[in-house]
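I am working from a predicted model.

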Amino acid sequence: MFMRILIPFLSVVLGCVFAVETLAAGNSTRKARSGTELVFDEVAYDYELRRNLGYAVSGGADINECFHAARSIAPGDGVSWFKAWNELAERLRADAAHALAGDHRISAREALLRASNYYRSAAFFLHGDPSDPRIVETARLSRETFRRAAALMDRPVEAVGIPYENTSLPGYFLQPDRSSSPRKTLLLQTGFDGTGEELYFTSVFALDRGYNVLIFEGPGQGAALLEQGLHFRRDWEKVVTPVVDYALKRPEVAPGKVALMGLSMGGFLAPRAAAFEHRLAACVANPGQLDLYGAKRPSPKEWEEMLADPAGTDRELRALMAKDVGFRWWINNGMFTTGAKTPLEFMKVWGEFSLEGVVGNIACPTLVIGSDGDHFLTMDDSRALYDRLKCPKTFLAFHGRNQANRHCQVGALVAGTARILDWLDETLK
């Protein structure tokens, strides 16, 4: 009944790359090999492997470790995915303990950083059962191993609690050296499925260029979700304004030199905050998003049809989840991070995230990023945000050159962050 309505979400918005005709016929949705896959045919597994591999340039992975782990995974099997990465992380944690016992601090730090990334990745495909204890345990171990690594770093890495409503948001304040001089500062946030610890592997490029970096996790993210039960909220300015308040109270932060960068879903959340928080000197949306549904937002009539029979719509959504790994992950993680009880309820919540009516309020210089190899968003989706901005603005398009054209430049962080941070240097000069 609802197939004609749901297929556009799968084929374009959600990044589930497969033949629509095949899905409609009820057959397997796994796409044919294009010749660019590393190990897995399925796009979600291929992307998450690239995500792990990409952090090798900043200490979060070893390439052969990753390939060895990946080749032990049954395609589309979240349990075997967990087993491979968790076992690797456990071995590295033991290696770090052995290195520390011999006072080999650098070796211990290196092993702990890789363990932190692998623990983060382990439970990625387990969110269909929010009560699965492995989700919380591997998140705890990812944070623990990262903090142990941070204690062995030459640069200061301070775990912080940022006052927020009646609680606090977890984060890290990182400095390029120990001088504590007032500096330009990058507020760095993740999106739909990342963690603060993971952001360290991006932050190092800003630290190398003399920035402080304040990493924070908001509702729906990391420990804010798992330990405090805070779910995503649409009015993200209520999250970022306390972060700016906190940053500007620190003597290491130069007033007027505070920028915000959001990755993945953060490419929507950061501009939303910038529409209301006018102390920001710059905003980076990577990738830019005016609307989380993009050009395929359902029409009022389509919503009416889906909502007329919620139980029937949910049955069809779950049937589609059984056929496609990427779609299943998106729905499961969406319910997990928003607190929605059903697939349709989550899709309704997702539809509330739009910058319509507020995008024109963004005043700071804004960098909007689009990539032609992004399996979640089209270049036109990112252009839609750029075109509506009235502030000083720049559009940065990543194409196939340097292979930095995947979602958030995964697998090409050196090439991608160079262009982004060059723009930020010029903007804050």
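I started with the second largest cavity and asked which residues line it nearest its centre. They are His127, Asp193, Gly194, Thr195 and Leu226, out of a lining of 26 residues. I read its volume as about 320 Å³.

Next I looked up which helices take part. I found that α6 (105-122), α7 (133-150), α9 (222-226) and α14 each give at least two residues to the lining of this second largest cavity. The largest share comes from α7, with 5 residues. Sorted by class, I have 10 nonpolar, 11 polar and 5 charged residues in this lining.

I then checked how many cavities of 30 Å³ or more the predicted model holds. The count is 3.

I moved on to the largest cavity, whose volume is about 550 Å³. Its lining has 40 residues, and Leu263, Ser264, Met265, His407 and Cys408 lie nearest the centre. For the elements involved, I noted α3 (43-54), α8 (196-208), β5 (253-263), α14 (325-338) and α17 (413-428), each with at least two lining residues. By class, the lining of the largest cavity splits into 23 nonpolar, 12 polar and 5 charged residues.

In soluble globular proteins, nonpolar side chains tend to be buried together. Here the largest nonpolar core has 143 residues. I listed those with the most contacts inside this core: Trp85, Leu187, Leu214, Phe216, Trp330, Phe346 and Leu424. Helix α5 (residues 78-101) gives the most to the core, with 9 residues.

I then took helix α4 (residues 63-70) and asked which of its residues are buried. They are Glu65, Cys66, Phe67, Ala69 and Ala70. I followed their contacts and found that the buried residues of α4 pack against α3, α5 and α6.

Last, I looked up Gly312, which is in helix α13 (residues 310-323). Is Gly312 buried or exposed? Its relative accessibility is 5%, and the cut-off for buried is under 20%, so Gly312 counts as buried.

Technical notes. Residues are numbered from 1 along each chain as its sequence is written. This is a predicted model: local features need pLDDT of at least 70, side-chain atom pairs count only at pLDDT 80 or more; totals for chains, interfaces and linings use all residues. Side-chain values use heavy atoms; hydrogens and water are left out. On a 1 Å grid over the protein atoms alone, a cavity is a set of points where a 1.4 Å probe fits but cannot get out, and a pocket is an open set with protein on both sides within 12 Å along at least five of seven lines; lining residues have an atom within 4 Å of a point. Grid points are joined across faces, edges and corners, and a volume is the space filled by probe spheres set on the points. Helices (H or I, at least four residues) and strands (E, at least two) are DSSP runs, numbered from the N terminus. Ala, Val, Leu, Ile, Met, Phe, Trp, Tyr, Cys and Pro count as nonpolar, Asp, Glu, Lys and Arg as charged, and the others, Gly among them, as polar. A nonpolar core is a set of buried Ala, Val, Leu, Ile, Met, Phe, Trp, Tyr and Cys residues joined through side-chain atoms within 4.5 Å. Buried means under 20% relative accessible area, exposed over 50%, partly exposed in between (1.4 Å probe, protein chains only). Contact means heavy atoms within 4.5 Å.
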